[in-house]
Amino acid sequence: MYYVKNERNGKEIFDAATNLAIEYFLLNEKVLDEPILLFYINKNAIIIGKNQNTYEEVKQDAVDRLGVEVVRRFSGGGAVYHDMGNICFCFITKDDGQSFRDFGKFTKPVIEALHEMGATGAELQGRNDLLIDGKKFSGNAMYSNNGRLTAHGTLMLDLDAEVTTEVLRPKQDKIASKGIKSVRSRVTNIMPYLDDKYKGIDIFKFREELLKHIFHTDDVSTIKEYKLTDDDWEKIDAFKAKYTANPDWNYGSNPDFDITNSKRTTAGHIDFNINVSHNKIKDIKINGDFFGLGEISDVEKILTGVDYNREALTKAFDAIDVKRYFGNVTVEDLVDLLLGEA
């Protein structure tokens with residue numbers, strides 16, 4: 001496995017738009033003979049899931065006031081807040097056709113490293129969360145494209161949770177489904193659970209310790225590296241300009257809809273926003289934190305023009321591989337939600 005440093009001209013990068021552009025360059029453009037591990041640390045930023053409505057997820061006034069960067073990623077899942085007390089890990093590898101949504105496979109080496117550092121209660125729970133004492137310290141997501149797969153997650157070492165509650169709008173049904181009162185009550189930092197010798201560790205030393213455990217070495221200089229070239233950076237810059245630094249990508253267009261049906265399903269949160277005219281779907285936008293392999297715009301195109309009734313919608317969804325686009329949810333569940341009967 002290669003380790004890639006997010007450095008340019010010897011300087012580490014803390015800009016979320018650039019770091020996400022590096023990740024997706026490595027996924028889409030750079031095929032090495034072994035898997036790739038990338039770590040990056042972002043300054044204050046909100047990372048939005050691919051299928052989410054940015055305007056519904058963030059408190060824009062607070063974002064502007066605090067100077068928080070908003071960047072949309074290419075994977076599904078929910079919105080997360082990053083600061084310099086948080087580190088992101090990304091495993092990039094060939095898609096073997098069986099690993100998408102298998103978060104256990106990719107979080108295992110990280111969990112084992114945390115166990116060795118004293119956080120023995122760290123474990124994967126639910127779809128994609130890492131928890132200690134029932135509290136989340138890591139969210140994970142995946143994206144697959146052209147036979148390649150990235151599995152990435154966050155690790156909250158010493159994140160400022162107060163800011164999280166200021167800048168994000170949590171879905172109330174998501175909170176209720178977990179039997180909790182607030183976002184703050186269900187998250188924790190890793191720091192309090194580490195052995196005494198790691199207490200007070202900074203984010204850079206923490207990354208070094210993770211690397212040692214993951215690569216089974218006492219000397220990080222022995223780890224095999226791939227260094228980004230000038231040609232690589234030309235492509236990264238182009239990707240950043242087109243996507244991660246582009247407001248049209250990060251916020252998108254969110255027209256007014258006359259019907260909005262929203263629910264947390266077995267696949268995650270799904271929002272159907274619909275305009276209906278003459279009993280046909282005139283326009284539809286699908287948002288949520290579900291994990292899909294395909295482009296959700298494909299589903300939106302198929303549903304546009306369909307009669308707004310159970311029979312027609314069921315027929316339309318039957319022609320779609322719903323597990324591919326949404327995850328573990330049934331056609332009946334989707335039709336119920338779309339009709340507001342869920």
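**Cysteines and the second largest pocket**

The sulfur of Cys-88 lies 6.6 Å from the closest cysteine sulfur, that of Cys-90, which is too far for a bond. A disulfide is counted where a pair of cysteine sulfur atoms is within 2.5 Å, and by this rule there are zero disulfides. Cys-88 is buried, with a relative accessible area of 3%, and Cys-90 is buried too, at 0%. Here buried means under 20% relative accessible area, exposed over 50% and partly exposed in between, with a 1.4 Å probe and protein chains only.

The model is predicted: local features need pLDDT of at least 70, side-chain atom pairs count only at pLDDT 80 or more, and totals for chains, interfaces and linings use all residues. Residues are numbered from 1 along each chain as its sequence is written, and side-chain values use heavy atoms, without hydrogens and water.

The second largest pocket holds about 360 Å³ of space. A pocket is an open set of points on a 1 Å grid over the protein atoms alone, where a 1.4 Å probe fits, with protein on both sides within 12 Å along at least five of seven lines; lining residues have an atom within 4 Å of a point. Of its 21 lining residues, Lys-50, Arg-72, Trp-249, Lys-285 and Ile-296 are the closest to the centre. Helix 9 (247-250), strand 16 (280-288) and helix 10 (296-303) are the elements that each give two or more residues to this lining.

The lining comprises seven nonpolar, eight polar and six charged residues. Domain 1 (2-251) and domain 2 (259-339) each supply at least three residues to it, the bounds coming from an automatic or database domain assignment.

Technical notes. Points joined across faces, edges and corners; volume = space filled by probe spheres on them. Helix = DSSP H or I, 4+ residues; strand = E, 2+ residues; numbered from the N terminus. Nonpolar A, V, L, I, M, F, W, Y, C, P; charged D, E, K, R; others polar.
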